[in-house]
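Dear colleague,

I am passing on the structure below, and after it you will find a short account of what turned up in it. Please keep it open while you read.

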Amino acid sequence: MTHHLAQLNVARLLAPIDHPDTAAFVEGLEPLNAVADQAPGFVWRLQTDSGNATDIQVEDDPYLIVNLSVWESIEALRDYVYGPEHLEYFRRRREWFSRLGKSHLVLWWVAVGHVPSIEEALERLELLRVNGPTPGAFTFTRTHPPPA
């Protein structure tokens with residue numbers, strides 16, 4: 001194996017992270033991250049001392065949050081995302097997040113051992129938004145194999 005799968009997911013909260021309307025989302029972060037950390041094929045995720053990445057501001061919008069991680073394969077990430085713990089949480093996303101009206105999830109291949117930066121991830125997301133799915137930035141519905 002020479003490549004792993006990186007993923008970036010951006011979301012815009014409907015209320016501040018410390019607001020009662022987002023409390024259920026915040027309460028679920030630690031248990032869901034623990035499931036991810038133990039999931040087969042999990043490699044790495046962006047986090048601060050808080051144990052997650054919700055306090056990392058990537059744009060001027062304080063409601064915009066990111067999730068950046070690396071997995072051994074598309075299948076490993078898909079199994080986690082659509083697994084019972086995460087799927088239950090995922091189905092509730094409209095309670096906490098607004099629709100962005102543009103791509104919010106991007107996948108791309110990275111060399112084994114490479115840890116993607118926020119800047120790199122945001123560039124990949126913009127690449128997807130501008131060009132649609134390509135080998136350098138794609139989605140679950142339009143995947144591309146790792147480089148040869």
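Y89 counts as buried, because its relative accessibility is 14% (buried means under 20% relative accessible area, exposed over 50% and partly exposed in between, with a 1.4 Å probe and protein chains only). This is a predicted model, in which local features need pLDDT of at least 70 and side-chain atom pairs count only at pLDDT 80 or more, while totals for chains, interfaces and linings use all residues. Residues are numbered from 1 along each chain as its sequence is written, and side-chain values use heavy atoms, with hydrogens and water left out.

The structure holds nine aromatic pairs, where rings of Phe, Tyr and Trp (its six-membered ring) pair if their centres lie within 6.5 Å, and planes under 30 degrees apart count as stacked, over 60 as edge-to-face and the rest as tilted. In one of them, the rings of F25 and Y89 are stacked, because their centres are 5.9 Å apart and their planes at 25°. F25 is also buried, with a relative accessible area of 6%. Ring pairs link F25, Y89, W96 and F97 into a cluster.

Best wishes
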